[in-house]
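Please look over the sequence and the structure before reading on.

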Amino acid sequence: MTLLLGCIADDFTGATDLAALLARSGLPVSLRIGIPQDRRHPNETAAFEVIALKCRTSPVDTAVNQAHQALTWLKEAGASRFFWKYCSTFDSTAEGNIGPVADMLMAETGATQTIYCPAFPENGRSIFIGHLFVGEQLLSESPMKDHPLTPMRDSSLVRLLTPQVNGAVGLANHNIVSKGAESLRAKLAQLGNDGIRHVIVDAVSDDDLRTIAAASFDMPLVTGGSAIAGQLPQFYMEQGLVSLSEHRQALPKITGGSIVLSGSCSAMTRKQVANYAGKVTSLRLDPIALAEEGPGTALEWLRQQSPDAPKLIYATAEPNEVRQAQERLGRDKAGKVVEDALSEIARTAFDCGTRRFVVAGGETSGAITQTLGAAHLTIGPEIAPGVPWTFTTLGGETVALALKSGNFGKETFFTDAFDRLETA
Ligand SMILES: Nc1ncnc2c1ncn2[C@@H]1O[C@H](COP(=O)(O)OP(=O)(O)O)[C@@H](O)[C@H]1O
Ligand SMILES: O=C(O)[C@@H](O)C(=O)COP(=O)(O)O
């Protein structure tokens, strides 16, 4: 099939989010974990190929290098348009690799200008006059200010992006976008004439995103959240680049035990963990104990549980508890001991017969998915906006895997997830 858009995502929950929104078009989406080792002939690709990297918190050189390898694979597979997916809350370390990756992708794809649009109105992320809001709060006043790895303390996307890119950053604000695609195209052209290659674009609604997609679908490179990507397929169809085929893949029925593993400390995950902990057997992990003793106690606990009983294992904690762990261990080590422990727990759960996994947290999902050895995910039904069930094969067994972004889903998400799988 013609590969319409080659996509690179900076984390795994972001990749499944992107895949879910592209899949709403009814066109085939393929999600590959890490840089694929095999080459693909253009006939063997889906309309949308997503490559999931785990580079959100990586140093610039590492992220640029990985994204370059992903781009090379996508080009060889036949892509001529590309999408760079980062978080709808623009998560980035102080050093920041969103801009450097975009600069590299522009150079390699011949893009003279690109847009930055992380807005995801369905999940409460909007951009107004270049400022990112989470619900009704500015990003810097939202719980994202306390993120364990990427605390976001500024809401101005222009200010956040400027030190990360070569050249100035422009803004196409809501007054422009609300006047329609021609107005936006004219603004982009004017900024381009002024030498501005990086443009933040405001969006507060799906209508705005449709306007932005209408003005940018033919750019070699578009960057942003999943929601702007989700608007692109209709324009490819309108251009006659692809048409909907009747063929829909049947989804597998998965039985076998279930587990929720949470390393996310995001505000919504904290509520979801509290909700689910009241319903199933659960175990809480302490990063300091993990650093001193390893995950042996948790693995033993897991082996003692009935394989069929639903269970929850989590390191999810309040911001002050995260701070304490980070003061004792350092930010990176605290994150890593939790990610390593949850990964080992996931592997043991699989060995004990677990076949339905829900993982909360982007970094956590990356660590667990890599440890389980998943290489290719098929996209299933959406549980909540941006969180689909996915299916993969591990050791000859089909496994259902839902990778939940920290702040996505309702309070009852974990129960919703297993209910959704029953009715899929
Ligand atoms: N109690 C804790 N103390 C310190 N760090 C933690 C704790 N629990 C989880 N972490 C780390 O916090 C990070 C959360 O990031 P992530 O998994 O991406 O979640 P989210 O999607 O909510 O951002 C991970 O590196 C995880 O290992
Ligand atoms: O764009 C989004 O918000 C998500 O797709 C995403 O990337 C979330 O990241 P985590 O909260 O780290 O899971």
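Is the crossing of α12 and α14 left-handed or right-handed? In this predicted model, α12 and α14 cross in the right-handed sense.

**Helix pairs**

Two packed helices are described by the angle between their axes and the distance between the axes.

| Helix pair | Angle between axes | Distance between axes |
|---|---|---|
| α12 (residues 296-304) and α14 | roughly 25° | within 10 Å |
| α2 (residues 60-76) and α3 (residues 98-109) | about 35° | 9 Å |
| α1 and α15 | about 95° | 6 Å |

The axes of α12 and α14 cross at roughly 25°. Angles under 35 degrees count as roughly parallel, so α12 is roughly parallel to α14. On the α12 side, the contact is made by Ala 298, Leu 299, Leu 302 and Arg 303. They meet Ala 341, Glu 344, Ile 345, Thr 348 and Ala 349 in α14. Sorted by class, the residues of this contact of α12 with α14 are six nonpolar, one polar and two charged.

The crossing of α2 and α3 is right-handed. From α2, the residues Val 60, Ala 63, Val 64, Ala 67, His 68 and Leu 71 take part in the contact. Their partners in α3 are Pro 100, Val 101, Met 104, Leu 105 and Glu 108. Nine residues of the contact of α2 with α3 are nonpolar, one is polar and one is charged.

For α1 and α15, the angle is about 95°, and the two helices are therefore roughly perpendicular to each other. Phe 12, Thr 13 and Gly 14 of α1 make the contact with Gly 362, Ser 365, Gly 366 and Thr 369 of α15. The contact of α1 with α15 has one nonpolar residue, six polar residues and no charged residues.

**Two domains**

The domain assignment divides the protein chain into domain 1 (5-238) and domain 2 (257-423). Between the C-alpha centres of domain 1 and domain 2 there are 27 Å.

**Two ligands**

Why does ligand 1 lie between the domains? Domain 1 and domain 2 both give residues to the shell around ligand 1, so ligand 1 lies between them. There are 25 residues around ligand 1, and Ser 264, Gly 335, Val 338, Gly 361 and Gly 406 come nearest. The helices α13 (319-329), α14 (331-351) and α15 (362-372) each supply at least two residues of this shell. The shell around ligand 1 contains ten nonpolar, twelve polar and three charged residues.

Ligand 2 also lies between domain 1 and domain 2, because both domains give residues to its shell. Of the 17 residues around ligand 2, those that come nearest are Gly 14, Asp 17, Gly 362, Ser 405 and Gly 406. Helix α1 gives three residues, the largest share of the shell around ligand 2. The shell around ligand 2 is made up of two nonpolar, 13 polar and two charged residues.

Notes. Residues numbered from 1 in each chain as written. Chains lettered and ligands numbered in written order. Predicted model: local features only at pLDDT ≥ 70, side-chain atom pairs only at ≥ 80, totals over all residues. Near = placed C-beta within 6 Å. Helix = DSSP H or I, 4+ residues; strand = E, 2+ residues; numbered from the N terminus. Nonpolar A, V, L, I, M, F, W, Y, C, P; charged D, E, K, R; others polar. Domains from an automatic or database assignment. Axes fitted to C-alpha atoms, helices over the stretch in contact; angles between N-to-C directions. Parallel < 35°, antiparallel > 145°, perpendicular 65-115°, else oblique. Left-handed = near helix turned anticlockwise from the far one by under 90°. Contact = placed C-beta atoms within 7 Å.
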